[in-house]
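Please find below my notes on the model.

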Amino acid sequence: MSPAARSTRPRAAAGGDATAEHQRLVDFYRRMLLIRRFEERTARAYTQAHIGGYCHLNLGEEAAIVGLLTALEPTDYLFTNYREHGYAVDRGIDPNRVMAELYGRTDGVSKGWGGSMHMFDTAHRLLGGYGIVGGQVPLATGAALAIEYRGGREIVMCTMGDGTTNIGAFHESLNLAALWHLPIVYVIINNRLGMGTTVEASSAEPELFRRGAAYRMASARVDGLDPVAVAAATEIAVASARDGEPYLLEVVSERLRGHSVVDPAKYRTEAEVADLRAHDPVPALAARLVAAGVLSDEQLEEMDRAALRIVEEAAQFAEASASPDVSTLFDYTYATPVDNVGARYPGDPLFPPAPRPEEVES
Amino acid sequence: MAIMTYRQALHDTLRDEMLRDERVFLLGEEIGVFEGSYKITAGLLEEFGPRRVRDTPIAEEGFTGAAIGAAMLGLRPVVEIMTINFSLLALDQIVNHAAKIYGMFGGQASVPLVIRTPGGGGQQLGATHSQNVELYYAFVPGLKVVAPSTPADARALLQAAIRDDDPVLFLENLALYNTKGEVPDDLPPAPIGRARVTRQGRDLTLVGYSRTAHVAAQVADQLAASEGLDIEVVDLMSLRPLDRATIVASVRKTHAAVVLEDDWLTYGIGAEVAATISDGAFDDLDAPVRRVAMAEVPLPYAKPLETAALPSTDDVIAAVYQTLDAVGRRHVKVGHD
Amino acid sequence: MIEITMPRLSDTMEEGTIATWHKHPGDHVRAGDILVEIETDKAVMEYEAYDNGVLSEILVTEGQTVPIGAPIALLDATGAAHQASAPAAVATATPAVAPAAAPVPPPAAPAPTLEPSVAADRLVASPLVRRLAREHQLDLRDVRGTGPGGRIVRHDLTEMLEHRSQVHEAFTELRGPAVVVTDEKRGSEAVPVTSTRRVIARRMSESARTVPHFYATAVADAGPLVRMRRELNGQLAAVSRPKVSVNDLVVKACALALREHPGVNSSYVDDTATTMLVHRRINIGVAVASAHGLVVPVITDAEQRTVTDIGAETHRLMARAEERRLSVEDMSGGTFTISNLGMFGVEQFTAIINPPEAAILAVGATTTEPVVVDGTVEAGYRLRYTLSSDHRVIDGALAAQFLRTLTTYLENPWSLVA
């Protein structure tokens, strides 16, 4: 266990706050369960061909998501990558609109233009899922720069996968943020696999949080299967960022399924899979709550039914939502209208053909 | 009205826009303390301070991406990339992000960003520092690409670019920085996406942009004096959106065109212009559209090789003669001799 | 059913030969479409349809000659309106009728083969030219392209568009296979007869057969002419102007002589006519042996032109002849012809009249020969020329008077340039 990780060990609940702490855990569980059921429903809709393209699920990442977002204020900004449905839902965006985006409908958070990898919602300050690995990292850094430029007190959280720490944009961004003292928390979701490549096979320094040292940036690693631990670690990171010092937080998480819904993950052994299931954060938290006498099995089932109702309604909402009309194809090319854009469907000529002689005569 | 260099026009416009709008700030390599590799930003650090004139590390992807992110939150950053060659390091941020964010998120966030960067060869800078890759950006919907050729256009289009809510790649050229021209005092922003006929003519249309618009005007003047030719010049000014209507209207009048480009021929800007002419002025063409572009090699260092690879005025004149010859204007001589 | 007849396409045409049918039986035809190319006495001309309809029968096949007014094809104009808009319906309707009517194949309707006609040959023309051709209803097949690869460019249409009349090149090669008659003992080789050749053949035969020629030769002391020309050309060269030729001077002299003897500048009409034509304008044809055959471009109003202007016009016309770009306009309306073989060293010859003109002057070379001057022999210049006259309108005395006037002009050459 590294010194940094020690420093982020969950603090014991204060003696008189047991009930409040229990309520917080129940809240975490409800949120984690919603993410779990939402992603399962998503997988089903994908197999039913309601959802197209790439589709990456947050299964196994629920505790990390809930812990991270708990530490954010509503005015803070979140940039994330293409595995972001759970972040969108947990950030408070209506699951109906998240599912509608997956279905490519007009009620989707990105109006059907983004899909699974590109959820965006200005009101909830989710400034994007991004499909290009690492693409969000300079952008998030720039958002922090804008906050700093204006003297605001918001911070930016930028999550990424473990594989992202090897690309140039990661290092360039951390360097800029440290140089310019930007209010940003970089979060590495280390689920130990970049698609099928292990962290050890791709990163010469596999303790990824240590990479902050190159930029004299404070950093820590935390157990991503424990939402309480993640929340506590994130609070420290966010406080640092709000004070104008960027922070690098590594959250060691799990990916219960393949890289995407179409990945059977054959590169994992049965033993590894069994181990993953044994450490699944959602049932683990349920067991913890039951063991502590906070929730009964009946209450757990009721919470599950509620989550299932929400995601089923989301699927129905998405299916009922209209597909974008093809006439809107050219609505979002430019924010400032400009001449000669050439709103032209593929078969259209650049210039209309000259009329035929008989048309001229008539 | 003042006569000033292209460089001065850029400098003054940046300054004026920063004075006008607090959201406008500059960032890039060596723009502050060093005052810019080409001294466009001279004096601005002193005047505006490091918050608004921000020197960056050598990290084109990082600082360009950061500018995009800042623009998403409503600032109006103006990035200087030292030469367009280095913009390739930021290609992912420009093409995959700046160009996509408005559309990909259903119009929820725009990117009011300007990337200023010069192209140009002919300075014996070798293969990696002499490219003209504006095409890479002009190819991408969501980006706007402008390429002014005169100090006045530089001012008018830079104003427009900074005030535009979309990412604009503002193409400069090393050979243009010291060129002079009149710049009216109260010049309004120029509309992006429009070309201009800078010289009227009947015999042939020369199409250029940025430096090549100068070459076109020069060739037109020269051939008017020596051969009595009446050549029309179209300055594209914007590479995206491309003002196809102006190009086509000109060729419908002249029936022949030669397109000048500083990039490579194959798949180049001229190819798009030629295709546009073929579509819009097919029945008006009396000869195939000619293109004059850089030789298709990595640009060599040795001067004679470099010179041979770059399109010269003589190359343009030869193409004009050959085109006029093809339309039956055989009183003009063909070839260099 | 509309009868299409052999049109009159030149001022002297009496009959025409079908060169190429552009439409075939079953084709639908629209007013303005090129129907057929007809070879006249002067050129190959296109002939447009005046009505919409379907070409039902061709009565005169390619290569056949019929007089003006003779039917050459039948056009079915019924239902032209719907046929015009639905050509496919026509194509299917025609064969549907045939089996019901008779087992015998319809006589004049060859199977609707799609064999490529000349018209289907790849025509290389710039898009602009194609558009202009559409707009002005020009047939580009008779235009010689001067652009790269023979592409027809706008420049090549300048003349056509200026005249806005259908102008056609006079040198189109005869289309269709030549009849091969080999003669081994003579070592013969069948060479296609060009349209130009055919025109010459027919017109010269006709002239020799029908026009009663008589010939009168005169000789001029060409010394003053030679000396004046030398002096004149020296002066012209000094100011960079083109030289004048002996022929230019002869044209001018003839024009002036014709003005004095309008009876020579005339035409016999025919045996039934009660009048003959005396031409007010003096348009002199100059026979040119171009690389593409004999042609006779016409210098109009020659008596009003200066010698240098005659020279310039002659050069222009000869250049066009070499480029095969003489127009009908360039070659029509002549009232008198000069044929000059002097440059080949021919001293004297006779020429055949170019109908409907009444006379032609055959001009020989200027020779140096011993001449008697005041009883002594000395070297002198002599120019001989022979007038061929149509005896139906010109008598011997008129011919002689004309020649005497001509000789006076030639022997007093300054009067030609004064």
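1. In chain B, strand 5 (residues 114–119) and strand 7 (residues 168–173) run parallel and are joined by six bridges. Strands here are DSSP runs of E of at least two residues, helices are runs of H or I of at least four, and both are numbered from the N terminus; two strands pair if DSSP finds at least two bridges between them. Gly119(B) has Asn173(B) of strand 7 of chain B as its bridge partner.

2. The model is predicted: local features need pLDDT of at least 70, side-chain atom pairs count only at pLDDT 80 or more, and totals for chains, interfaces and linings use all residues. Residues are numbered from 1 along each chain as its sequence is written, while chains are lettered from A and ligands numbered from 1 in the order in which they are written.

3. Chain B holds an open sheet of seven strands with mixed pairing, in the order 3-2-4-5-7-6-12. Strand 3 (53–55) and strand 12 (238–240) of chain B are at the edges with a single partner strand each, so one side of each has no neighbour in the sheet.

4. Chain B gives 50 residues and chain A 41 residues to their contact, where contact requires C-beta atoms, placed from the backbone, within 7 Å. Helix 3 of chain B supplies the largest share of the chain B side, ten residues.

5. In chain C, the axes of helix 7 (residues 246–260) and helix 8 (residues 307–322) come within 9 Å and cross at roughly 115°. Axes are lines fitted to C-alpha atoms, for helices over the stretch in contact, with angles from 0 to 180 degrees between N-to-C directions. Among the contact residues are Leu249(C) of helix 7 and Ile310(C) of helix 8 of chain C.

Conventions
Two residues are in contact if their C-beta atoms, placed from the backbone, lie within 7 Å.
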